[in-house]
Each structure stands twice: as C-alpha cells, then as structure tokens.
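Subject: Structure for your files

Hello,

Here is the structure I said I would pass on. My notes follow below it.

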Amino acid sequence: RLDHLVANLLNQTRLESGGLKPQLDWCDVRDIIPPARRVVGDALAGRPFKMEIPGDLPLFLADAPLMGQAIANLLLNAALPTPAGSPVLVTARLEWAAGAQGIFIGVADRGPGIPAELREGLFQKFSRGKGARAGGLGLGLSIVRGFMLAQGGDVSAGDNPEGGARFTVSLPYTSHASVPNDEH
C-alpha cells in the first residue's frame, strides 16, 4: 500500500511540474488491460473480471505505460466498493464522438455508484468520499485525468446502467495506412 501511495504522489508531482512527456506509439488495448489487471492484484479477488473487446478494434496512438497506470487506477477504484461476487467489466470500442473518431475504454462496477455530492470534484486531487477506504489520498482519479489529458484524451464518469459506476477514458483516433512493423 505504501508503494502505491508513493507512486501516486510521484505521479501527481510529475503532472503538476510539467515533467510528464508522453511517448505515443501504436498500442493494442489487449496488451494494456491484462498487465493493468495484474497490477491491481488481490484487490479484485472474488470479483469476476470480464473484458469485452471487439476482435477488429484497431491499434491506436497512446503511451502504453500511462494507459496501463490509468486503467489500473480505475480497476482499483472499481474493486474497492464492489461487493464480492459482482463483476468488474472492461470494454473498449472505436466510436464517433463530437465529430471525430475516438477510442473509448470503460471500466464498470456494480458498487454503490457515485454520490451526487462527489460528481463535481471527482477528478480533483485529494477528493475522497465519506465511505472511502482508509489509507488512500484521493489522488487516483486526478492522476487518471492528468495522464489522459497529457495524451490528448480525457476521462469521464457516469452510472453503470446495471448499477454502480462507469469510468471511461478516451483518446482521439488516427488511422494508420498499414500495421506498423517493429522489424528493421
């Protein structure tokens, strides 16, 4: 837990100092989500973890380590309030929004949802709900927003139609002429 707190403090400092310079490269969402799930570890124990990713979802430009950390923070936030036995679902899709294509990765839980009084300041640093777990600093969602903004994207929060909360990170999508080749 101490490692997680220190990492969050360092990430917040990097964001505030302007020291975060994303390294955008072609990414496959299937290479980002499983490692993020492993980072969360036992926090998801007893909660079925499901992924719904279309087989034809294209590669997209992102900083894979930043995306992995953002998804891990969202998974941890989903795991803590979700009752044992309730699923945590990660979805990904390519979709038109605001006149442009974007990649959207959602994390949905079946916890209590987001209280109305928290919605306005949800992504501000040190924002914590009344029932927040002991030991947290309220930096996780602020860091997610910072990582996404640094990559030209954003994050939003809403209700899961099946009960609980849903957080969605988004990035602009640029198609590529052919699949990039790492071989030289």
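The side chains of Asp-28 and Arg-30 form a salt bridge, with N and O 2.7 Å apart (a salt bridge being a side-chain nitrogen of Lys or Arg within 4 Å of a carboxyl oxygen of Asp or Glu). Arg-30 counts as partly exposed because its relative accessible area is 29% (buried is under 20%, exposed over 50%, partly exposed in between, with a 1.4 Å probe and protein chains only).

This is a predicted model, in which local features need pLDDT of at least 70 and side-chain atom pairs count only at pLDDT 80 or more, while totals for chains, interfaces and linings use all residues. Residues are numbered from 1 along each chain as its sequence is written, and side-chain values use heavy atoms, with hydrogens and water left out.

The structure holds 5 salt bridges. Another of them joins Arg-119 to Asp-159, at 2.6 Å between the closest N and O atoms. That pair links distant parts of the chain, as Arg-119 lies in helix H4 (residues 116–119) and Asp-159 in strand S6 (residues 154–159), 40 residues apart. Helices (H or I, at least four residues) and strands (E, at least two) are DSSP runs, numbered from the N terminus. Arg-119 is partly exposed, at 34% relative accessible area. Asp-154 and Arg-145 also form a salt bridge, their closest N and O atoms 3.0 Å apart. Asp-154 has a relative accessible area of 30% and Arg-145 one of 26%, so both fall in the partly exposed class.

On the fold: the chain has 5 helices and 7 strands, in the order α-β-α-β-β-α-β-β-α-α-β-β from the N terminus. Of its 184 residues, 42% count as buried.

The largest nonpolar core has 39 residues, and Val-29, Phe-60, Met-67 and Phe-167 are among those with the most contacts inside it. (A nonpolar core is a set of buried Ala, Val, Leu, Ile, Met, Phe, Trp, Tyr and Cys residues joined through side-chain atoms within 4.5 Å.) Helix H3 gives the most to this core, with 9 residues. A separate core of 5 residues includes Leu-20, Leu-66, Ile-143 and Phe-147.

Pro-65 sits in helix H3, which covers residues 64–79. Pro-65 counts as exposed because its relative accessibility is 54%. Its C-alpha is 8.0 Å from that of Ile-32, 33 residues away in sequence.

Regards
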